[in-house]
Amino acid sequence: MDGADRRHVARIAPLLPGKATEPGVTAADNRQFLDAVPWRFRTGSPWRDIPERFGIWDSVFRRFRLWAVSGVFERAFDALSEEFDLDHVFADGTIVQAHQKASGVRGGTGMRGIGPSLGGLTRKIVAVVDALGCLARIVILPGRAQHLAGVPALLEDLRFGAFIGDKAFDSDRLLEEVEGRGAVLVIPPKRNRTASRDHDREMCMWRHQIEGFFAKIEEFRAVAARNDKTGGSFATGIHLVAGVIAAT
């Protein structure tokens, strides 16, 4: 499903701006807009190249930015997602090299959420998915940032039974945080640890859930190529893509 079908539009309709009961202009073409934005992220095309059947490209882009800033897509994603299965959660990160079109926004690399690395300007996606591989939380970091830098935002108000990740998440602080919640930390210890600790090797193999999630979102070219200039638009696009995936 690249666009929005009637069932899913009906579920998120109360969350969308432009209802007749709200002040301002009533949005008569929310369905058309919800077809246009996934099309753009699927193809990775510039906003100017959106087909005419979706309306005026500038209007589509400006509405996308308005909804992104106000968090509409994140709320719609939460509504479309089934109830999370948080018995086990999986965390990992992936690096996306920034497209040349991602430069130029005011505010520098901080505004863009991009950082220099050996491969050029890159951005890191750190995510948590539930036991079924559905996105639960996401943080966007500059490419050279460590995975652990995104942990506080990922774990805020998130309840789970077990936290499963790779060695990049191995830290005493995270261990104390997870155990303090009464949950289990399943992470292979780093080699430089003075005292090794046991971990469930079989549960570690279940990490294919989050690896599969990253593979799915990177099928959308605007995510894989990191075309958007601001970090907020990029994060919004991932929520949108995750909602499309969860709804299929």
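How many aromatic pairs does the structure hold? The structure holds 12 aromatic pairs, where rings of Phe, Tyr and Trp (its six-membered ring) pair if their centres lie within 6.5 Å. This is a predicted model, in which local features need pLDDT of at least 70, side-chain atom pairs count only at pLDDT 80 or more, and totals for chains, interfaces and linings use all residues. Residues are numbered from 1 along each chain as its sequence is written, and side-chain values use heavy atoms, with hydrogens and water left out.

**Aromatic pairs and cluster**

- The ring centres of Phe64 and Phe73 lie 5.6 Å apart with planes at 50 degrees, so this pair is tilted; planes under 30 degrees apart count as stacked, over 60 as edge-to-face and the rest as tilted.
- Trp67 and Phe73 also form a tilted aromatic pair, at 5.7 Å centre to centre and 50 degrees between the planes.
- Phe64 is buried, with a relative accessible area of 0%, and Phe73 counts as buried at 4%; buried means under 20% relative accessible area, exposed over 50% and partly exposed in between (1.4 Å probe, protein chains only).
- Trp67 is buried, as is Phe73.
- One aromatic cluster is formed by Phe33, Phe41, Trp47, Phe61, Phe64, Trp67 and Phe73.

**Charges over rings**

- Arg63 places its charged end over the ring of Phe33, 4.9 Å from the ring centre; a charge sits over a ring if NZ of Lys or CZ of Arg is within 6 Å of the ring centre and within 35 degrees of the ring normal.
- The charged end of Arg42 sits over the ring of Phe220, at 4.0 Å from its centre.

**Packing of α2 and α11**

- The axes of helix α2 (residues 30-43) and helix α11 (residues 231-247) come within 10 Å and cross at roughly 105 degrees; axes are lines fitted to C-alpha atoms, for helices over the stretch in contact, with angles running from 0 to 180 degrees between N-to-C directions.
- The two helices, α2 and α11, are therefore roughly perpendicular to each other, a term for angles of 65 to 115 degrees, with under 35 roughly parallel, over 145 roughly antiparallel and the rest oblique.
- Val37, Pro38 and Phe41 of α2 meet Ser233, Gly237, Leu240, Val241 and Val244 of α11, contact being heavy atoms within 4.5 Å.

**Whole chain**

- The chain has 11 helices and six strands, which are DSSP runs (helices H or I, at least four residues; strands E, at least two) numbered from the N terminus.
- Of the 248 residues in the chain, 47% are buried.
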